[in-house]
Amino acid sequence: MQRYSGFGLVKHALSHHENWQRQWRNPTPKKEYDVIIVGGGGHGLATAYYLAKEHGITNVAVIEKGWLGGGNTARNTTIVRSNYLWDESAALYEHAMKLWEGLSQDINYNVMFSQRGVLNLGHTLQDMRDIQRRVNANRLNGIDGEVLDARGVQELVPIMDCSKRARYPVMGASWQPRAGVARHDAVAWGYARGADGHGVDLLQQTEVTGFKIVDGRVVGVHTNRGDIGAKTVGCVTAGNSSVLANMAGFNLPLESHPLQALVSEPLKPILDTVVMSNHVHGYISQSDKGDLVIGAGIDGYNGYGQRGSYPTVEHTLQAIVEMFPIFSRVRMNRQWGGIVDTCPDACPILSKTPVKGLYFNCGWGTGGFKATPGSGHAFAWSLAKGQMHPLAAPFSIDRFHSGALIDEHGAAGVAH
Amino acid sequence: MFNIYCPYCEEHREEEEFHPKGQAHIQRPTDPDACSDKAWGDYLFFRDNPRGIHHELWVHAVGCRKFFNITRHTVSYAILETYKMGEQPTITAESLASEEKQGDVQVADGGLQTVGASDNSVSESKGAKV
Ligand SMILES: Cc1cc2nc3c(=O)[nH]c(=O)nc-3n(C[C@H](O)[C@H](O)[C@H](O)COP(=O)(O)OP(=O)(O)OC[C@H]3O[C@@H](n4cnc5c(N)ncnc54)[C@H](O)[C@@H]3O)c2cc1C
Ligand SMILES: [Zn+2]
């Protein structure tokens, strides 16, 4: 694999950038691999990368029915933060945050991780109490966080309406300075290139249509390009996870919902942080290209169609204009949807399953982009050792029968 | 945007008057105390999440405020029928699958829930009321 560097950029300029190496191969599937990862989103690709890099397991295939990153990974609004309430989730998201901080160097790919901070606004007394509680919990867990009052918020974001005249006046916010955004497709591509460099086969346009199960143990998968063997299979298929679990003969506590987002026409730099409001229910940031990146809530009905309804878009924009009257004339450029796999406690599932050798990493729902490096790292460890990583263990499917739920509805209040 | 037929108001109304409430026909265990943890967890948290035909509960929130059921396709989003509480659906994944078989169309495989739920079978479905 050719390393990217400033020097390389200059060197390739001399040959008019015509000799760049392809970022990854397009291999023919082998008959058998040590590990198969189903789903070529960020989490699946990160899993493959860490399997190869940290555990020396390189005879690995990532099987993707569409194109790499074409699921939720390149459809999300790229917010990264780790200020979750409970110890289990805070530890998992903070593990990811630490990896984000060195990710571009590690995978030699600029993921444009920008720690511009995230504000979670409070508009009611109860919001503020919840914010105090969450920030205190974060600090006890070694995660940065501050509670700001309305003045503090106004100083950070002068263009926001923090006046008393607003319909839902801003009372304050939690502020995580290390949080921010990253370029989502670069994350998929960077992990893909890194994994391929270690010998991992990335099989695109290959759909898993069933599992080969012998005596309760997985021995391979059926695909539209023939059967492929492996004794360890990790499913990282986000919104389609229930469909895959059913193929293997069990059910997951998931519902698949459309989640929409939209971007505006590009503007001059105007917003240098991320603003989220559970209460008014919308969030916004500005990309390096200049477009406003906007999202809010899921469509309430189940859907696999990667599109939602207009009323949801309208409510989202109402919330944005409520907070930022200055944006009322901005025109929207594009709008799209992904399929998010929501879990009853708003936490993911990283788990063994009733089928031996078959593992699932799903249920990230509306907020898994931020966890991509940590999820891949912990999941790779679990697949390599045949036991769940200590950070992943609390997220087993068993919790829906034992009752040990990890309720993050507060920290995950506005879907992102 | 859905245009939903409320079986109580007997009218089509816009989606915004309604709220989806998840899977329909879930029965609360008659004796919760006698449930195993498994049965209770299944009842509380595990839902069918089909890529295909889905029977779901909706409420006409700013209309008659009554609950009713919809049979809907979760990929095309086509609403195939709406029916009152206590009634049973006339269109199911199985009924569509057998229609497909009669027409000598290959049935989609790949799991319990996708059986017969191709978009094709939906647009041709004759039982659709709305
Ligand atoms: C609009 C929107 C905004 C969001 N905003 C944020 C945000 O700001 N911050 C945040 O942290 N998170 C956000 N999220 C959530 C985040 O995008 C996801 O949690 C995360 O990207 C999931 O990554 P993944 O790799 O697990 O899934 P995906 O990227 O969806 O990858 C799963 C892959 O599996 C493939 N697949 C499915 N079935 C099969 C099969 N049978 N065979 C082979 N391949 C298959 C799919 O094609 C897909 O590429 C948002 C999501 C959406 C939709
Ligand atoms: Zn009605």
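## Exercises on helix packing

Helix α2 (residues 42-55) of chain A packs against α10(A) at an angle of about 55°, and their axes are 7 Å apart. The model is predicted. Work through the exercises below.

**Exercise 1.** Describe how α2(A) and α10(A) lie to each other, and name the residues that meet.

*Solution.* 
Step 1. Two packed helices are described by the angle between their axes and the distance between the axes.
Step 2. Take the angle of about 55°. Angles of 65 to 115 degrees count as roughly perpendicular, and those under 35 degrees as roughly parallel. The pair α2(A) and α10(A) is therefore oblique.
Step 3. List the partners. α2(A) brings residues including Gly42(A), His43(A), Ala46(A), Thr47(A) and Tyr50(A). On the α10(A) side, among them are Thr372(A), Pro373(A), Gly376(A), Phe379(A) and Trp381(A).
Step 4. Sort the residues of this contact: nine are nonpolar, eight polar and two charged.

**Exercise 2.** Describe how α3(A) and α10(A) cross, and sort the residues of their contact.

*Solution.* 
Step 1. The axes of α3(A) and α10(A) come within 7 Å and cross at roughly 105°.
Step 2. That angle makes the two helices, α3(A) and α10(A), roughly perpendicular.
Step 3. From α3(A), the contact uses His95(A), Ala96(A), Leu99(A) and Trp100(A). From α10(A), it uses Pro373(A), Gly374(A) and His377(A).
Step 4. Four residues of the contact of α3(A) with α10(A) are nonpolar, three are polar and none is charged.

**Exercise 3.** Check the span of helix α3 (residues 87-100) of chain A. Then find what covers its buried residues.

*Solution.* 
Step 1. Helix α3(A) has 14 residues, and at 1.5 Å a residue they should span 20 Å.
Step 2. The end C-alpha atoms of α3(A) are 20 Å apart, which agrees.
Step 3. Pick out buried residues. They include Ser89(A), Leu92(A), Tyr93(A), Met97(A) and Trp100(A).
Step 4. Look at the cover. It includes β3 (79-80), α4 (103-107), β6 (172-176), α7 (184-197), β18 (349-352) and α10 (372-385) of chain A.

**Exercise 4.** Sketch the order of elements in chain B, and report its burial and contacts.

*Solution.* 
Step 1. Count: chain B has three helices and six strands.
Step 2. Order them from the N terminus: β-β-β-α-β-β-β-α-α.
Step 3. Burial: 42% of the 130 residues of chain B count as buried.
Step 4. Contacts: take those in chain B with a separation of 6 or more. Residues 24 or more positions apart account for 52% of these.

How values were computed. Residues numbered from 1 in each chain as written. Chains lettered and ligands numbered in written order. Predicted model: local features only at pLDDT ≥ 70, side-chain atom pairs only at ≥ 80, totals over all residues. Heavy atoms only, no water. Helix = DSSP H or I, 4+ residues; strand = E, 2+ residues; numbered from the N terminus. Expected span 1.5 Å × (residues − 1). Buried < 20%, exposed > 50% of the residue type's maximum accessible area, 1.4 Å probe, protein only. Contact = heavy atoms within 4.5 Å. Axes fitted to C-alpha atoms, helices over the stretch in contact; angles between N-to-C directions. Parallel < 35°, antiparallel > 145°, perpendicular 65-115°, else oblique. Nonpolar A, V, L, I, M, F, W, Y, C, P; charged D, E, K, R; others polar.
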